Amino acid sequence: MNNNQKETKSNPKKGKTLPAEKSIKDAVLNIFKKALADNIVDAVLIPAKVPDTDAYSWILLQDESLFDIADPLPPVMNVQGGRALSSFSKNGELDLKIAALMRPCEVRAAVELLKLHQVDLDNVTLVSIDCPGAMPLRDYMNDPKKINDSFKKISEQWEISESLRPACQNCHRFSLMDGTGSDLHIGLLGENKKVTLISNSSTGRDVMDKLGFEPKDSLDKWKATKEKLVKEKSKKRESFLKEWQEKIKKTDGFFNELNKCINCHNCMNACPICYCQQCYFDSQTINFKPETYLQKSKEKGALRFPLNTLLFHVGRMSHMVLSCVACGACEDACPVSVPVGRLFSMVGDQTQKEFDYIPGLNREDALPLQDFKKDEFCEVETPNECEEKVTEEAK
Amino acid sequence: MNDKYTPNIIGFLCNWCSYTGADLAGTSRMKIPPSLKTIRVMCSGRIDPLFVLKAFIKGADGVMMMGCHPGDCHYQKGNYNTRRRFVMLNSIFDILGLEKKRIGLWWVSASEATRFAQVTNEYNKEMEKLGPNPTAKEIFL
Amino acid sequence: MAKAIKISKNVQEGLFDFLKSLLEKEKISGVFTLKKMDDNGAVSYSLITSPDEFKNAVPLYPFMPVNAGKALSSFTLLGKTEEPIVAVLRPCELRAFVELVKRAQGDIENFLIISPTCGGVLSLNLMGDKNQDKMVSQYWISVKNAEISPDTRETCQFCENFLPLNADITVGTLGNKNLDKEFTLFLNSPKGEEFAKEASGSSVSEEIETKEINELKKKREELREKYFKETGKEGEGLKSLINTFASCLGCHGCSHVCPICYCTLCEFDSKTHEYQAASLSSDLKKKGGLKVPTGNLLFHIGRMTHMAVSCVSCGMCSDVCPVNIPVATVFSKVGSSLQEEFKYFPGKDIEEPAPQGTYKEDEFMKIGEQ
Amino acid sequence: MNKKIGVYVCECGPNIPERIDIDKVIEELSSMDEVKTVKKHSLLCSNDGKKFLKEDIEKEELSHVVVAACSPKDHENTFMKVCEEAGVNPYLFQLVNIREQCAWMIPDKDEATSKAIKYIKAGIQRVMFHDALKKKELEINVDVLVIGGGISGIEASLSLAGPNRKVYLVEKTDALGGMAGKLSRILPHQGTEMGIVKEKIEQVKNNEHIKVYTSSEVKEVRGFLGNFEAVIKSTQENEEGTEEEIKTGAVVLATGFDLFDLKENPVYGYSENENVVSALEFEDMIHSEKIELKNGKKPKSVALIHCAGRKEKGYCSKVCCMYNLKFAHYLKDNLPDVEVKELYMDLCLPHKQDQSYFDKLKDKGVEFIRMDELVKTKKSGDKIEVEYRNNDKKDKFSVDMVVTSPAMVPSKGTSHLAELMNLPLDESGFFKELHEMLNPVATPMEGVYITGCALGPRNIPESITQSHATSGKILSSLIPGRKVKPEVKVSEIKEDLCTGCQTCLSVCFYGAISYDAFKGVSVVNEAICRGCGSCVGSCPSGAIRSKHFTYYQLYLEVLEALR
């Protein structure tokens, strides 16, 4: 199907490989150091480790010395990068040039937010990076040391480990392959002790020129390794999707997955796409008098509290699932380990296919619900009416 | 003497007493530290603790709240609320081990220009001693 | 000596049967209590109206999926329930409900409140754990011996207000050695006595505050001291505060589950406090760098100014924190000092106004005069 | 942004340039792209200054105006008017105080200049977020609510009521007249009986413009000058609780006084001794012209005891001396051989006729005894023994009858009413005037006035004078057809954010906020709100916004100060 066409849409020929004797991390940071030093950008948005703690967070750095605490690929995804970017660029005009280093799913989120006018990318260079995945937040918080070590291993060997976040285990868009809407991409795969800088937009190209990195190195090795890994992960994803579609098909399957939910709405608040200040499902528009609740309870024998759990999740789905980038932030933030990330990603996958839409892929693609084609989805109407419509259009 | 550290102090003054008192201090040519930037509100009751907190977090070296003496509030009782809210914020700072010197509440009436001059100057000295507010340079707020 | 009845049954069965009979005899229209959701251990609060749905009720099950006070508030937000309902709440949940009623966020009328002498609850992320049943039975043993169960949440371990206030009926559990044979219902109100007639028990008169309970209180107070010392190490002030909240995601789950945070839209989620791109360059000039999203401390301290004085130390905030920040401990610490300052005991008396809404002319006289 | 901001720096003659480098200021500000024009003027508040300002605003077609000059206390309104004339909403204007709080308090010119710049920049930031508020005009209500049907209330009602002004007179007892109505005869001329009070009561009853509510009390009053809402509740058994809501433009408190309870202190021997009577009881005797002991005999000796309750209450009730003299005259005139002793702490003879009135008594042989304290009054046989102390010397005498004059104390309703209307009381519990000397009948609540003994002990002429004063105040402010412009910088509630916790209600001292149970949100009555903003500080969800002092406007000032 034409998804595949899209998957291979952006297809850069060449890139710039840079040495990484000391460490990959070092090599990556050097790119940004240079960009900052040469005033190509005024500030860099990058994950960093909070001094004297195990905590990671996003910092927007201008002072070169802060690179010491920066970490391009931390073991956890603390705040979804898209959210971080939007948090300071959504109000008013950004008068600084910023380079933002993010995981592909975070870049996709940023692009979706752009379409929703929740982020200002005019002065932002989005840089994606080959992503080995991240570890579950709570696991890390429970034992930072242990998780750090295992993550080190995993990220070096690009292993699809069970100890990764479920979202990352099932992620097949961990690299540039599906034309992630970034300007630059940093390839880690393939080349040993090297990183590859790949431009993915005119902005990216421009930045590379300014950096004096001429894209003349072949990308074959990187591509080959990547394709292999993508195949592997795509297979894993397929099986994951099947498994969960089965689960949900069962009566109440969906609800049973949610029956631990306590309405803390952490999932929503961690979700980069849920940008509303006031979630509709928090607002007072859905309060009823006690009698009503009592009535509901009498109909079913019992009424579960907190109320509206199902409404919240399905409602939220209807609001954002077409833009769901399957980053898994929601599941990471869930205190009662509801597989909410997997549920949304699974539903998202289906609905997005319906609309032939891949969130965060392409800045030009309109959001499915902000766009329509007269002759689409005839099947939901009666076929012959549909026929007429189309022919009428033709006239 | 040029590189002498001058603190950045914000003063929330109620319109009827303290702001008038400050005006009077000016009219009587009293010397008030330039480090103090006054912000006029109608009643000290309007001073949301969040203003103080936000000013503190944004790096203000000192935040002064000023209003009419209890019982003299132009709006009759507003400053009693102010007092409670201040006590609230103050003990939060206390228990969290934040520098509570950096926030303060003073009653200054419209006629107490001298008191205004005195408290602002004293406070300014105190802040000079205390040095810059770490929040001004802190990244991880 | 308090009025009480002794029921010679296992406390869980006993309470179950009592509630069931109330429901069957239509003395009440519904029971608000915990209910098993499935076999993998999930429980959740429910308003149960039909006796056969009641079979899954687990009134004293040691989990707090939400603060029931908050749940009851969402139930009675638009007015009092017309039909009588029994609610089984833990002491902190009851206090929370009272605080909410004070703020017109709920109505306690027509409720019969039953509350246990509380041994605490297990941490939420243990819900569905493969050892859940083992831990629960362990829990009941420590309740019998009035000990602090190791699996209970930190907040519960140092909770000193584990005897219910304002409950119509108090279920005596802590320190009752033969809890699986007999237990006591303390009847604190005429309403309680009225309903207790339905319970098949012999009336006795006992003291709620037994020796065991007082000892437990002591133990917990010591723990409290300890935990309070450990969080926000004195002196370090700002730095330690920053480190404590360093990993905060800004998911604001703590305020979403907090029973006292009743606002539909938290001020700190509103546009008001959003970062303005315009101030970025000046901030970066000053600091050289900036953590984003910003406003982390503003949120936490700001939230304190709003609710800490009414904090009932129910621990929900810690429970839902995805990054293990001891939110409850910090807030409980701040809260208790504020409550001392204002001589306010949250959840004690519905008539007593919350400190924000009142003042005395002759309090804090020194403030502002220096 | 289509905002065109003009900044005008006033030199205020030599005042500002002396300390602030205005050209530097102008240079600094001109570089801001928000600013369309920056100009200076030697004296903006002068006529040609205002002319210049108006014309320049028009010429530059400004949308917002910032004036850097003196304190807003001085000329905010002046310049707001100019803006209005120049077609700019007066609230899209900000006056920055660079004189009092900059030039005049900072000797160092550079410091003063840089601070001035900060202030003005803050003003510019702020003004961009101002809302174009609109002053509303409210038709004033000229009617008056008078609380208290004593002589003061009656007098006030009579002098206020007229063809175009209705008066609602509320009296808690079942009859008008109050304490004055209980007096036998009224000083100074002994001749008059109850006459004048009766007369006045009649006049009130016959006045079609006065509506009298006896056995009623005021349950609720809120509002401000020209716009009060009150609820009058009947306390009569048969119509218990019937309420009437009225609208008036002013409120007069004439709640009068009560008498000190002699039982409070045993030294007066009041309760256990039938021939110890209170002044009011004696008035009744005079009224019925039966001055008799309980046994029906005429008293041969009477002691008139002044200052009962003076020590306890800590003030002189001012009128007792004179009516005691009145009693003495009466006794001497009607029981020629009666022996009269007056026992006083200090004699209070404030008025011009008083002295001669007192001297006459000496001629009539009344004995005046000074005391520091009354020790006891006790029965001995059929006589009453009165023991007192003067300096450190104790002494005693016996009489047949004792008349004790209790002090005037605030009437029962006072504290309740004060609470209801948020009015201050003085330390003795009487209403507190706005200023004893300069504003003796006004209160902190504009449109609420006090007269008579509600303010403390007074005699009848004084009370009447005050009632006239009160009426004068009201008549001169509540002119029919006049309009009032209520405060527009008031609070407003964003209903979608309001949780209905009603914390704001409890911190609003004007009762300007009410709760809409149907919507479940608080509602601000803009006509009553004074814009103090106390509610804003109390609202956890940030649902309340105080116009012209919004969170953001103030926050911008903070940011600018910290930049």
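Colleague: Hi! Let's start with chain A. Into which domains is chain A divided?

Modeller: Chain A has domain 1, residues 2-242, and domain 2, residues 251-370. Keep in mind that the model is predicted.

Colleague: Thanks. How far apart do the C-alpha centres of domain 1 and domain 2 of chain A lie?

Modeller: Those centres of domain 1 and domain 2 of chain A are 27 Å apart. Where the two touch, domain 1 of chain A puts in 32 residues and domain 2 of chain A puts in 27 residues.

Colleague: And which elements give two or more residues to the side of domain 1 of chain A that touches domain 2 of chain A?

Modeller: Helix 1 (2-7), helix 3 (81-89), helix 4 (104-115) and helix 7 (166-169) of chain A do that. Helix 4 of chain A has the largest share, ten residues. By residue class, that side of domain 1 of chain A is made of 15 nonpolar, nine polar and eight charged residues.

Colleague: With which strand of chain C does strand 9 of chain A pair?

Modeller: Strand 9 of chain A pairs with strand 3 of chain C, residues 43-48, in the antiparallel sense over three bridges. If you want a spot to look at, Leu303(A) has Leu47(C) as its bridge partner.

Colleague: Good, on to chain D. In what order do the strands of the three-strand open sheet come?

Modeller: The order is 18-19-20 in chain D, with antiparallel pairing. Strand 18 (373-380) and strand 20 (393-399) of chain D each have a single partner strand, so each has one side without a neighbour in the sheet. Between strand 18 and strand 19 (residues 383-390) of chain D there are seven bridges, and Lys379(D) sits opposite Ile384(D).

Colleague: What about the open sheet of five strands in chain D: parallel or antiparallel?

Modeller: Parallel, in the order 14-21-15-16-17. Its edge strands are strand 14 (276-278) and strand 17 (367-370) of chain D. Neighbouring strands in this sheet are turned by 20 degrees against each other on average, ignoring direction. Five bridges link strand 15 (residues 301-308) of chain D with strand 21 (residues 401-406) of chain D, where Ala303(D) is the bridge partner of Val402(D).

Colleague: Which strands does helix 10 of chain D touch as it packs on that sheet?

Modeller: Helix 10 (residues 320-334) of chain D touches strand 15, strand 16 (339-344) and strand 21 of chain D. Its direction makes about 175 degrees with that of strand 15 of chain D.

Colleague: Last one. Is Val204(D) buried or exposed, and why?

Modeller: Val204(D) is buried, because 21 C-beta neighbours lie inside 10 Å and the cut-off for buried is 20 or more. Val204(D) belongs to helix 7 (residues 195-206) of chain D. Beyond its neighbours within four places in sequence, Val204(D) has contacts that include Ile154(D), Leu158(D), Leu176(D) and Val212(D).

Conventions. Residues are numbered from 1 along each chain as its sequence is written. Chains are lettered from A and ligands numbered from 1 in the order in which they are written. This is a predicted model: local features need pLDDT of at least 70, side-chain atom pairs count only at pLDDT 80 or more; totals for chains, interfaces and linings use all residues. Domain bounds come from an automatic or database domain assignment. Two residues are in contact if their C-beta atoms, placed from the backbone, lie within 7 Å. Helices (H or I, at least four residues) and strands (E, at least two) are DSSP runs, numbered from the N terminus. Ala, Val, Leu, Ile, Met, Phe, Trp, Tyr, Cys and Pro count as nonpolar, Asp, Glu, Lys and Arg as charged, and the others, Gly among them, as polar. Two strands pair if DSSP finds at least two bridges between them. Axes are lines fitted to C-alpha atoms, for helices over the stretch in contact, and angles run from 0 to 180 degrees between N-to-C directions. A residue is buried if 20 or more other C-beta atoms lie within 10 Å of its own, exposed if 12 or fewer, and partly exposed in between; C-beta atoms are placed from the backbone.
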